2 protein chains.
Amino acid sequence: MDETVMLGHGSGGSMMKRIIDEVFFAAYAGDELRSGNDAAVLPAPGPGERIAFSTDSFVVSPHFFPGGDIGRLAVCGTVNDVATSGARPQYLSCGFVLEEGYPMADLRRICASMAQAADEAGVRLVTGDTKVVNRGKGDGVFINTSGVGFVPAGVSLGGDRCCVGDRILVSGTMGDHGITIMSCREALSFNADVQSDAAPLNHLIARVMEAAPAVRCFRDPTRGGLASTLNELAAQCGADMVVEQDDIPVRPAVQGACDMLGYDVLQVANEGKMVCVVPADQAQAALQAMRAGDYGQDAAIIGEVCAARPDRGPKALIRTPIGGTRILDMLVGEQLPRIC
Amino acid sequence: MDETVMLGHGSGGSMMKRIIDEVFFAAYAGDELRSGNDAAVLPAPGPGERIAFSTDSFVVSPHFFPGGDIGRLAVCGTVNDVATSGARPQYLSCGFVLEEGYPMADLRRICASMAQAADEAGVRLVTGDTKVVNRGKGDGVFINTSGVGFVPAGVSLGGDRCCVGDRILVSGTMGDHGITIMSCREALSFNADVQSDAAPLNHLIARVMEAAPAVRCFRDPTRGGLASTLNELAAQCGADMVVEQDDIPVRPAVQGACDMLGYDVLQVANEGKMVCVVPADQAQAALQAMRAGDYGQDAAIIGEVCAARPDRGPKALIRTPIGGTRILDMLVGEQLPRIC
């Protein structure tokens, strides 16, 4: 077997057939991939259901880090995006852009991780593509995954459905992924205590939807962190999103790293967390549903949707322990490139 | 407006919101994109229909060339892959990996081209993602598109359905795209006569399916050219794919370039051509259906599916004008990297 990726692996010819057979199919091929046609043909949703469709490209650096790797991220990220619509994620595509010279052993490890994450989420990798670029024109491996899910009849979630009085929940601690990547990249000493939270959250979402059927929306606070997510939700629903600083779960090691580096932990990326807005009377049920599974142990109710002040547009706001309230801005510029 | 892509455009914060609003939404946003949720929620296929799903990443260099650009290629390539299953392509996703410093004007031009190609194909760009990598870690712009289509009830196409006696058709001249890219890249003088064939072929496929309802399969001969496609079909159906060299349409300028460069034109990439296998008694109808539209004027019947010789596996074979027959090999190694 070839030990590194070569340009010929993207040729459409016999070398490409070899990388497909020996690397990709070895990791995760089902019947659709093996059929050898250009498109996978797949069962459609049931009566009254709709399709959820989402895409995400992954360029994280480094490719391997505590708690995950680019492959796990690529599967979980798209599974989570599809699941936020209330859909059951079903099918994933996978497009690789490989750089000439990339170690084949690393690619195999990434594919094995993708297969494992897909198994855990209960989705199938059904179609793929591989391109190879010359040395120096890429950075080892970039992965795009797109996902298709089925939205049950009657389910309609979205940021525009949040109402004044609703409660805001997060499924766990903030900032773990971003600080992990930062610590890998800068070889900082706090890395021992922190690992990426990369995880598929579709099962967590399904539990919440069952326990809190009037749930308004889910959103995963990835790039830009919780702050960007709350700003987006405020803009969508036209109300203030007000959170209590003391109620937001943050690991001490992550908070310490943020303090040292001058970051706001609420602008740091997460890859295995969900923000959820529910009517007040279902907030406890939603919280218990989150906590009932592996990825929701640290879930918390962190705030509330409030009427926007008439003299300004809808905002994300944070109440500090000393009783003040400040505007929680979206990230401006770039905090840490290539976090996912 | 920013004049080049900056790392902050991939941040998840306010700069990313700006590039989305001012570049992507300006070019092609429909309601699903503008809704601001992580996944598009879309109507499902009708009763008895299935989903076709395909993905393709585009790394072509240069980004602009006679007859098209990376954006047109990205839309047409995935539309065509979805359509080969017999599906009506419906929805596209679009994931950009941009390099810091890429001119915003070029990105706008690419997005406009994608919008135009999507209009022509009758598909909608419904979900997207943008990542930015540091200068020197990419090559301007890479695009992934994934596509979802609906397969009508009763339609089941695939290379494994080809039968001995079936006819093999191509929808037009071979090698135009590959030779165009080559001539751009090497600034060769034959480029005046040649342009890329990048085109959406879903309407052509729909015409053929109506005229020749027993059609076995479609396949677009992209990387690896007609030779790779015929080899794949032979392997899928277990029979020889035999074509007549004189019947394969090739532009004289393209043939001349291939002769000069030592390329086999049948291994050169196409981006707006379809190979199609139909029962013999529907071959003329399929041919006329191809020729009835813009992208099928040069369509031809080029060969036939024949029983494989018992002493060897199924092969792709070509009959030369002087009466010989030779094995048409798949491309080995790489002829021209980053053709699409």
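Student: Which backbone nitrogen lies 3.3 Å from a polar atom of the side chain of A:Asp197?

Tutor: That of A:Gly272. Bear in mind that this is a predicted model. The A:Asp197 side chain also reaches the backbone nitrogen of A:Glu271, at 2.9 Å.

Student: Where is A:Asp197 found in chain A?

Tutor: In the loop between helix 5 (176-186) and helix 6 (202-211).

Student: Buried or exposed?

Tutor: A:Asp197 has a relative accessible area of 11%. The cut-off for buried is under 20%, so A:Asp197 counts as buried.

Student: What is A:Asp197 in contact with, leaving aside its neighbours within four places in sequence?

Tutor: The list includes A:Thr173, A:Asp176 and A:His177. A:Asn270, A:Glu271, A:Gly272 and A:Lys273 are on it too.

Student: You mentioned helix 6. Where does A:Ala211 sit, and how accessible is it?

Tutor: A:Ala211 is in helix 6 of chain A. Its relative accessibility is 32%, so it counts as partly exposed.

Student: Switching to helix 3 of chain A. How many residues does it have, and what does it span?

Tutor: Helix 3 covers residues 70-83, which is 14 residues. From first C-alpha to last it reaches 20 Å, close to the 20 Å expected at 1.5 Å a residue.

Student: How many of those residues are buried?

Tutor: 14 of the 14, so helix 3 of chain A is largely enclosed by the rest of the structure.

Student: What happens at the start of helix 3?

Tutor: A side-chain oxygen of A:Asp69 comes to within 2.8 Å of the backbone nitrogen of A:Gly71.

Student: On to the two chains. How many residues are in contact between A and B?

Tutor: 77 residues of chain A are in contact with 77 residues of chain B. The area buried between the two chains is about 5600 Å², and carbon and sulfur atoms give 57% of that.

Student: Which residues of chain A lose the most area to chain B?

Tutor: A:Asp38, A:Phe53 and A:Arg223, which together make up 15% of what that side buries.

Student: What sits over the ring of B:Phe58?

Tutor: The charged end of A:Lys131, 5.4 Å from the ring centre. In the other direction, the charged end of B:Lys131 sits over the ring of A:Phe58, also with 5.4 Å to the centre.

Student: And aromatic pairs, how many over all chains?

Tutor: The count comes to 6. One of them is A:Phe142 with B:Phe142: the centres are 6.2 Å apart and the planes are at 50 degrees, so the pair is tilted. A:Phe142 lies in strand 7 (residues 141-151) of chain A and B:Phe142 in strand 7 (residues 141-151) of chain B, so this pair joins two chains. A:Phe142 is buried at 3% relative accessible area, and B:Phe142 is buried at 3% as well.

Student: What about B:Phe24 and B:Phe96, stacked or edge-to-face?

Tutor: Stacked, because the planes are at 15 degrees, with the ring centres 4.9 Å apart. B:Phe24 is in helix 1 (residues 14-28) and B:Phe96 in strand 5 (residues 88-99) of chain B, so the pair ties together parts 72 residues apart in sequence. Both residues are buried.

Student: Last topic, the backbone. Which residues does the cis peptide bond in chain A join?

Tutor: A:Ser61 and A:Pro62, with omega about 0 degrees. A:Pro62 lies in the loop between strand 2 (50-58) and strand 3 (64-65) of chain A. In chain B, the bond from B:Ser61 to B:Pro62 is cis, with omega near 5 degrees.

Student: What is the phi of A:Arg338?

Tutor: Positive, about 55 degrees, although A:Arg338 is not a glycine. Most residues other than glycine have a negative phi. A:Arg338 lies in the segment after strand 14 (325-327) of chain A and is buried, at 6% relative accessibility. For B:Arg338, phi is positive at about 60 degrees, and B:Arg338 is buried with a relative accessible area of 6%.

Conventions: Residues numbered from 1 in each chain as written. Chains lettered and ligands numbered in written order. Predicted model: local features only at pLDDT ≥ 70, side-chain atom pairs only at ≥ 80, totals over all residues. Heavy atoms only, no water. Helix = DSSP H or I, 4+ residues; strand = E, 2+ residues; numbered from the N terminus. Expected span 1.5 Å × (residues − 1). Buried < 20%, exposed > 50% of the residue type's maximum accessible area, 1.4 Å probe, protein only. Polar contact = N/O pair within 3.5 Å; in protein donor to acceptor, adjacent residues only side chain to side chain. Phe/Tyr/Trp six-rings, centres within 6.5 Å; stacked < 30°, edge-to-face > 60°. Lys NZ or Arg CZ within 6 Å of the ring centre and 35° of its normal. Contact = heavy atoms within 4.5 Å. Buried area = accessible area lost by both parts, 1.4 Å probe.
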